[in-house]
Structure formats: structure tokens, C-alpha cells
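Open the structure in your viewer and keep the selection tool at hand. The tour goes from the whole chain to single residues.

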Amino acid sequence: MEKAYDYIVADYAGNKVKVNGEEYKVGACCVDLLNSFNGPEEEKEFEELSRRIYGYSTELEADAIPQESLDALGADIISLLRQVKTVHPFTAFATDVQLAAINGAFSAGSVIGFRRLYNECCVISASTGMTPYDILRENRPDLDANLFFNMAANSHRLYENLTVLYGELYQDFMYSKRKIGALADRFGALPKADAEHMMPIAFETLPKVATQTKTQFVKAEFSGRNKSQLANRLYFSRYIDFIFYDFYHGLGFGHYPRKCEICGKYYLKTDSRPQRYCSGLSGIEGRNHRVLTCRAVGKRRGEKERAANDPILIVYKRVYDSIRKDKSRGKISAETEAFAKQAAEDCRDKAIQSTAYANGAYVTDMNKKRFYAAAPSSGFGSA
Ligand SMILES: [Zn+2]
């Protein structure tokens with residue numbers, strides 16, 4: 001029986017966390033949560049699956065679950081995991097091997113029989129004072145009592161935990177998504193992204209304490225220079241406990257989700273640089289039909305914004321546009337236009353290179369009439 005399904009088991013060491021063999025930066029799982037689901041249809045399907053899984057918990061509690069329900073429960077959990085297979089840490093739970101193990105655990109008909117037998121032993125034990133273990137040994141010498149009790153006890157716990165974990169997953173997703181999303185947006189609007197500004201908002205928005213069932217220190221293997229590290233292993237019985245813990249832990253290292261201003265998706269901010277875009281693809285095509293990254297699009301927009309605010313460029317643009325207009329109205333010839341534009345560009349470049357010139361003669365020099373007069377084809381053309 002695969003015990004790893006009982007909980008989300010997370011090994012924390014420094015700014016990294018490992019879940020089921022997959023390693024992430026702390027806080028990265030929150031970003032995946034915020035980017036989860038493409039549209040309301042996927043969300044609806046997820047909600048239905050999650051509800052149905054939760055529905056089995058009453059049958060499980062009453063110990064009256066027939067094998068058909070157990071088969072259906074296993075199939076629903078597998079479908080649910082397939083839906084979140086791109087969301088960390090569920091990526092580690094939705095591998096083919098893990099899904100096959102779930103399938104096996106739920107479709108093994110013998111488990112139900114074992115469970116019944118186990119209950120019968122417990123009932124006899126209550127009336128006779130004998131231990132369930134001794135009762136089983138006496139009545140069923142054909143069974144390996146140790147193995148049997150392990151399976152009966154663990155399988156039931158496994159089913160219960162999985163049913164609660166995945167049955168509450170939709171609500172957990174939606175609640176934590178709303179909370180962490182709202183917080184990320186408030187962080188994005190802060191004048192300074194440091195602990196002093198962020199902590200009060202975090203405590204105001206998110207539940208302060210994440211509940212873990214237990215914790216222990218373990219030796220865990222991580223990537224990078226220090227492979228073996230002392231890690232704090234935490235066991236989470238619910239996704240929501242894990243995700244809030246991961247959020248706070250990430251915040252302690254300056255990691256937090258931020259919305260990309262170009263593509264609208266969230267990404268993990270890991271430093272204090274004033275960067276507003278993710279490194280993913282923007283969907284916007286540049287030259288040669290190559291799709292630009294959000295950073296590249298952001299850089300171009302930044303250049304345009306600077307042009308709109310730079311006094312040198314404002315003066316240049318006004319004169320340049322006026323020259324173009326004069327040509328289209330037939331006031332100047334094409335030759336005069338070309339000459340004047342070149343002269344305006346030269347003036348602009350000189351101003352960019354010399355602050356003294358920019359603050360001095362630049363504004364008087366940048367004059368279209370002066371350029372027209374200096375043009376070889378005699379000034380104002382035919383008009
Ligand atoms: Zn982006």
C-alpha cells in the first residue's frame with residue numbers, strides 16, 4: 001500500500017521544497033494555483049468531480065461502501081488528478097505510475113473483504129475481551145495476521161484521506177486562489193515590496209496558521225551544490241494547509257506571485273528588481289513572425305513610454321510631424337522634406353549627446369522654417 005497518498009508530504013530546506021520527488025522554489029506552487037484552469041468549463045468539470053468524490057465519504061465512514069463504488073471512486077480520483085496534472089505539486093501525483101497505483105488500490109476486491117473481516121474481529125473483541133489480532137489468528141489461520149491488519153487498517157485510512165483530500169480540493173482551490181490572488185494584486189500596487197509593507201497585508205488577508213498533522217527532520221536530496229540537506233518534513237492532510245504554508249514560507253524568502261502586465265498570467269517574483277513582466281511567450285508576433293516574450297514586449301512599450309515623456313523627443317516629434325504635414329499639403333517638395341527631416345534628426349541626436357545644447361540652442365535650432373531655408377532646392381517649394 002502506497003503510504004505517500006495519505007498526505008501531501010513536503011520537505012522544506014532553505015528556499016526549496018520537495019514533494020513526491022519533485023523540487024520547486026518555495027512559493028512556486030501558489031503561482032500554479034493562480035494560473036490553473038483555462039476557462040469556466042474546465043472549472044465546472046473539476047467542481048463536479050470533486051463533489052462526487054466527497055460524496056463517497058459517508059459510505060466510507062459507515063463502512064458500507066460496495067466494490068462498484070470503490071471502483072468509481074478510484075476512477076474519479078484519477079480523472080481529477082488528470083485535470084490538475086500541470087499544477088504543482090499535483091504534477092507529482094498525476095504521473096502514470098502513481099495513477100496506476102491508485103487504480104490498483106481501489107480495484108482490489110480483496111480489500112473490501114479484508115475490511116469486513118477486520119470489523120468482525122473488532123466486534124467480537126469488544127464482547128470477549130480478546131484482541132482482534134488473536135481472534136483472527138484463531139479463526140483464520142490461513143491468513144497472515146500481520147499483513148492483514150496492516151492492509152485493513154491502512155487501506156481504510158488511505159481511502160478516507162484520499163476522499164477528503166480530493167473531495168475538498170475544488171473548494172480548497174477556489175478559496176486559496178481568491179485569497180492569494182487578491183493578495184498578489186495588492187502586493188503589485190505597493191510602493192515598495194519589502195517585509196514591512198507586505199507582512200501586514202498578508203496577515204490581514206490570509207489565515208495565519210497552517211495546520212500540519214506532524215513534522216520531522218529528515219535528510220533530503222536537493223539539486224545544486226549542497227545535495228544532501230537537513231530538511232523539515234511536513235505532512236499536510238489538506239491542500240489548502242499546504243498552499244498557505246508554502247505561500248508564507250515563500251514570502252520569507254522574498255518569493256511571491258506577481259501578475260504579468262503583458263499576458264495576464266502570474267509568475268514567481270524572486271527578487272526586488274522592479275520587473276513587471278514574466279519570461280514566458282506573449283502571443284504577440286514581432287519581426288519574422290517570431291512570438292515575442294513578455295519581457296521583450298515590455299521593453300518596447302517602455303521605450304515608447306520614455307519617448308512620450310522625453311522633452312527632447314517631444315520637441316523633435318512636433319517638428320517632424322509638421323514637416324510631414326507640409327509635404328502632404330504640397331507646401332514643400334519631397335527633396336525639401338527629406339532634407340528637413342535629416343536636419344531635425346541631426347539636431348535631436350546632438351541634443352541627446354549634449355545636455356548643454358539640449359538646454360540651450362536646441363529649441364531655437366529645431367525649427368522647420370530654418371531647415372526649409374537651408375534646403376538646396378530653395379525653401380518653400382512650389383506653394
Ligand atoms: Zn507574461
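Colour the protein chain by secondary structure: there are 16 helices and nine strands. Helices (H or I, at least four residues) and strands (E, at least two) are DSSP runs, numbered from the N terminus. This is a predicted model, in which local features need pLDDT of at least 70 and side-chain atom pairs count only at pLDDT 80 or more, while totals for chains, interfaces and linings use all residues. Residues are numbered from 1 along each chain as its sequence is written, and side-chain values use heavy atoms, with hydrogens and water left out.

**The whole chain**

Show the C-alpha trace. Along its principal axes the trace spans about 120 × 40 × 35 Å. The radius of gyration of the protein chain is 33 Å, whereas a compact globule of 383 residues would have one near 21 Å. That radius is taken over C-alpha atoms, and the globule rule is 2.2 Å times the number of residues to the power 0.38.

The accessible surface comes to about 20900 Å², and 51% of it belongs to carbon and sulfur atoms. Such areas come from the Shrake-Rupley method with a 1.4 Å probe; for residues, only the protein chains shown count as cover. Of the 383 residues, 42% are buried. Buried means under 20% relative accessible area, exposed over 50%, and partly exposed in between (1.4 Å probe, protein chains only).

**Salt bridges**

How many salt bridges does a search of the whole structure find? The search finds 15, a salt bridge being a side-chain nitrogen of Lys or Arg within 4 Å of a carboxyl oxygen of Asp or Glu.

Select Lys 44 and Glu 47, whose side chains form one of them at 3.7 Å, N to O. Both residues are in helix α2 (residues 40–61), and because they are three residues apart, about one helical turn separates them. Lys 44 is partly exposed, at 46% relative accessibility, while Glu 47 is buried, at 14%.

Go on to Lys 192 and Asp 194, where the N to O distance of the salt bridge is 3.8 Å. Asp 194 has a relative accessible area of 22%, so this residue counts as partly exposed.

Next select Arg 276 and Glu 261, which meet in a salt bridge at 3.1 Å, N to O. Arg 276 sits in the loop between β7 (266–269) and β8 (281–285), and Glu 261 in the loop between β6 (256–259) and β7, so the pair ties together parts that are 15 residues apart in sequence. Arg 276 is partly exposed at 32% relative accessibility, as is Glu 261 at 42%.

**A buried charge without a salt bridge**

Select Glu 168, in the loop between α7 (145–167) and α8 (169–188). Glu 168 is buried but has no salt bridge; Arg 238, the nearest side chain of opposite charge, is 4.6 Å away. Lys and Arg count as positive and Asp and Glu as negative; His and the chain ends are not counted. Leaving out residues up to four places away in sequence, Glu 168 touches Ser 50, Tyr 54, Thr 163 and Arg 238. Contact means heavy atoms within 4.5 Å.

**Last stop: helix α12**

Select Ser 322, in helix α12 (residues 311–328). Is Ser 322 buried or partly exposed? Ser 322 counts as partly exposed, because its relative accessibility is 23%. Beyond residues up to four places away in sequence, Ser 322 touches Lys 368 and Tyr 372. Ser 322 and Lys 368 are 46 residues apart in sequence, yet 7.9 Å apart in space, C-alpha to C-alpha.
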